[in-house]
Amino acid sequence: MDAYADMLREDPDAVAQELDDLPADGPTRQDLAERLVPYVRALHVKHPGLDDLSSDAPRGPEHTAQTIGRAITDLYSSAQVVVMRRLRTLLARPEGGNTAV
């Protein structure tokens, strides 16, 4: 949680700021997800604790995942959630891999 709190204290990158003003059209969502990949990878390098947010969670990883999932659906629009899902898929690929989703 310390890594997550540290990350939130930083000013967001311009591409991350676009998530707040995201239009509903599909091509914009895919483009934004692809452009967020380097930003999110850099965040994970700078804040390695983000790789395992449940490591010190008192109720364990399953509860942490459920809580984060609930928070995302409560805080973000459906278009933003789509971007985050696409981003997760893109991040799972090796760097330099095909970005089509």
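1. Buried residues, meaning those under 20% relative accessible area with a 1.4 Å probe and only protein chains counted, make up 27% of the 101 residues in the protein chain. This is a predicted model, in which local features need pLDDT of at least 70 and side-chain atom pairs count only at pLDDT 80 or more, while totals for chains, interfaces and linings use all residues. Residues are numbered from 1 along each chain as its sequence is written, and side-chain values use heavy atoms, with hydrogens and water left out.

2. The protein chain holds five helices and zero strands, where helices are DSSP runs of H or I of at least four residues and strands are runs of E of at least two, numbered from the N terminus. Of the contacts (heavy atoms within 4.5 Å) between residues at least 6 apart in sequence, 65% join residues at least 24 apart.

3. Helix 3 has 21 residues and spans 30 Å from its first C-alpha to its last, close to the 30 Å expected at 1.5 Å a residue, the expected span being 1.5 Å times one less than the number of residues. The helix bends by about 35° at valine 37, with proline 38 following within four residues; the bend is the angle between axes fitted to the seven residues ending there and the seven starting there.

4. Glutamine 30 lies in helix 3, residues 26-46, and is buried, with a relative accessible area of 15%. Its side chain and that of arginine 86 are joined by a polar contact of 3.5 Å, that is, a pair of N or O atoms within 3.5 Å, one able to donate a hydrogen and the other to accept it, with residues adjacent in sequence counting only if both atoms are side-chain atoms.

Definitions and conventions. Buried < 20%, exposed > 50% of the residue type's maximum accessible area, 1.4 Å probe, protein only.
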